[in-house]
Amino acid sequence: MLPRMPPRSPFRFLAPGALVAVVVAVFLVVSAGRSPQGGGEPASRTTATTATKQPKRKTYTIRAGDNLSEIAARYGLTVERLLELNPRVDPQAIRAGQRLRLRD
(Lines give C-alpha, C1' and ligand atoms only; values in the text may rest on other atoms or scores of the structure.)
Protein backbone atom coordinates (compact mmCIF):
# COMPACT_ATOMS: atom_id res chain seq x y z
CA MET A 1 0.00 0.00 0.00
CA LEU A 2 1.25 3.51 -0.89
CA PRO A 3 1.75 6.11 1.82
CA ARG A 4 -0.96 8.72 1.99
CA MET A 5 -0.07 12.19 0.66
CA PRO A 6 -0.88 15.21 2.80
CA PRO A 7 -3.60 17.49 1.36
CA ARG A 8 -2.37 20.31 -0.88
CA SER A 9 -2.35 23.81 0.51
CA PRO A 10 -4.56 26.46 -1.10
CA PHE A 11 -1.50 28.76 -0.97
CA ARG A 12 -0.09 26.98 -4.03
CA PHE A 13 -2.18 29.38 -6.13
CA LEU A 14 -0.68 32.47 -4.50
CA ALA A 15 2.39 32.89 -6.77
CA PRO A 16 0.54 32.43 -10.10
CA GLY A 17 -2.24 34.73 -8.87
CA ALA A 18 0.29 37.40 -7.89
CA LEU A 19 1.92 37.14 -11.31
CA VAL A 20 -1.43 37.62 -13.06
CA ALA A 21 -2.19 40.63 -10.82
CA VAL A 22 1.15 42.26 -11.67
CA VAL A 23 0.66 41.72 -15.42
CA VAL A 24 -2.85 43.22 -15.27
CA ALA A 25 -1.59 46.21 -13.24
CA VAL A 26 1.23 46.90 -15.72
CA PHE A 27 -1.20 46.66 -18.63
CA LEU A 28 -3.61 49.12 -17.00
CA VAL A 29 -0.83 51.63 -16.24
CA VAL A 30 0.55 51.46 -19.78
CA SER A 31 -2.86 51.70 -21.43
CA ALA A 32 -3.85 54.65 -19.21
CA GLY A 33 -0.78 56.57 -20.43
CA ARG A 34 -1.69 55.87 -24.07
CA SER A 35 -5.43 56.65 -24.03
CA PRO A 36 -7.25 57.47 -27.30
CA GLN A 37 -8.24 60.90 -25.97
CA GLY A 38 -4.56 61.80 -25.63
CA GLY A 39 -3.73 60.89 -29.21
CA GLY A 40 -1.36 58.12 -28.13
CA GLU A 41 0.86 60.45 -26.09
CA PRO A 42 0.74 61.71 -22.52
CA ALA A 43 -1.37 64.89 -22.27
CA SER A 44 1.50 67.18 -21.30
CA ARG A 45 3.56 66.17 -24.31
CA THR A 46 0.60 66.48 -26.69
CA THR A 47 -0.13 70.00 -25.47
CA ALA A 48 3.50 71.04 -25.85
CA THR A 49 3.92 69.66 -29.36
CA THR A 50 0.60 71.00 -30.60
CA ALA A 51 1.36 74.51 -29.38
CA THR A 52 4.90 74.56 -30.81
CA LYS A 53 4.56 73.26 -34.36
CA GLN A 54 7.44 74.76 -36.27
CA PRO A 55 7.43 73.70 -39.93
CA LYS A 56 10.33 76.09 -40.74
CA ARG A 57 12.92 74.21 -38.68
CA LYS A 58 15.78 72.68 -40.66
CA THR A 59 16.76 69.95 -38.17
CA TYR A 60 15.29 68.03 -35.28
CA THR A 61 17.18 66.29 -32.46
CA ILE A 62 15.58 62.98 -31.56
CA ARG A 63 14.49 62.58 -27.93
CA ALA A 64 13.92 59.37 -25.98
CA GLY A 65 10.58 57.84 -26.96
CA ASP A 66 10.37 59.54 -30.38
CA ASN A 67 9.65 57.60 -33.55
CA LEU A 68 9.80 58.67 -37.18
CA SER A 69 6.05 58.70 -37.77
CA GLU A 70 5.45 61.06 -34.81
CA ILE A 71 8.26 63.37 -35.94
CA ALA A 72 7.01 63.38 -39.55
CA ALA A 73 3.44 64.15 -38.48
CA ARG A 74 4.61 66.90 -36.12
CA TYR A 75 6.39 68.72 -38.94
CA GLY A 76 3.92 68.02 -41.75
CA LEU A 77 6.06 65.42 -43.55
CA THR A 78 5.59 61.81 -44.54
CA VAL A 79 7.92 59.17 -43.19
CA GLU A 80 9.08 58.52 -46.75
CA ARG A 81 10.04 62.20 -47.19
CA LEU A 82 11.83 62.19 -43.85
CA LEU A 83 13.85 59.16 -44.98
CA GLU A 84 14.62 60.82 -48.34
CA LEU A 85 16.05 63.80 -46.48
CA ASN A 86 18.03 61.49 -44.16
CA PRO A 87 19.31 58.57 -46.29
CA ARG A 88 21.78 57.38 -43.63
CA VAL A 89 19.11 56.97 -40.96
CA ASP A 90 18.02 53.43 -40.18
CA PRO A 91 14.32 53.74 -39.25
CA GLN A 92 14.60 50.68 -37.01
CA ALA A 93 17.58 52.04 -35.05
CA ILE A 94 17.03 55.74 -34.32
CA ARG A 95 18.42 56.93 -31.01
CA ALA A 96 18.15 59.94 -28.72
CA GLY A 97 20.54 62.73 -29.68
CA GLN A 98 20.54 61.86 -33.38
CA ARG A 99 19.79 64.84 -35.69
CA LEU A 100 17.34 64.65 -38.58
CA ARG A 101 17.03 67.05 -41.51
CA LEU A 102 13.47 68.32 -41.91
CA ARG A 103 13.82 70.22 -45.18
CA ASP A 104 16.31 70.92 -47.98
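**Close-up views of a predicted model**

**View 1. Helix H1, end to end.** Helix H1 covers residues 14-33, and its 20 residues should span 28 Å at 1.5 Å a residue; the end C-alpha atoms lie 29 Å apart, which agrees. The expected span is 1.5 Å times one less than the number of residues. Helices (H or I, at least four residues) and strands (E, at least two) are DSSP runs, numbered from the N terminus. Buried means under 20% relative accessible area, exposed over 50%, partly exposed in between (1.4 Å probe, protein chains only).

This is a predicted model: local features need pLDDT of at least 70, side-chain atom pairs count only at pLDDT 80 or more, and totals for chains, interfaces and linings use all residues. Residues are numbered from 1 along each chain as its sequence is written, and side-chain values use heavy atoms, with hydrogens and water left out.

**View 2. The whole chain.** Four helices and two strands make up the secondary structure. From the N terminus, the order is α-α-β-α-α-β. Of the 104 residues, 19% are buried.

**View 3. The aromatic pair.** The structure holds one such pair. Tyr-60 and Tyr-75 are tilted, 5.7 Å centre to centre with 55° between the planes. Tyr-60 sits in strand E1 (residues 59-61) and Tyr-75 in the loop between H3 and helix H4 (79-85), so the pair ties together parts 15 residues apart in sequence. Both tyrosines, Tyr-60 and Tyr-75, are buried. Rings of Phe, Tyr and Trp (its six-membered ring) pair if their centres lie within 6.5 Å; planes under 30 degrees apart count as stacked, over 60 as edge-to-face and the rest as tilted. Beyond four places in sequence, the contacts of Tyr-60 include Asp-66, Arg-74, Gln-98 and Arg-99. Contact means heavy atoms within 4.5 Å.

**View 4. The loop around Ile-94.** Ile-94 lies in the loop between H4 and strand E2 (99-101). Its C-alpha atom is 7.7 Å from that of Asn-67, 27 residues away along the chain. Leaving aside neighbours within four places in sequence, Ile-94 contacts Ile-62, Asp-66, Asn-67, Leu-68 and Val-89.
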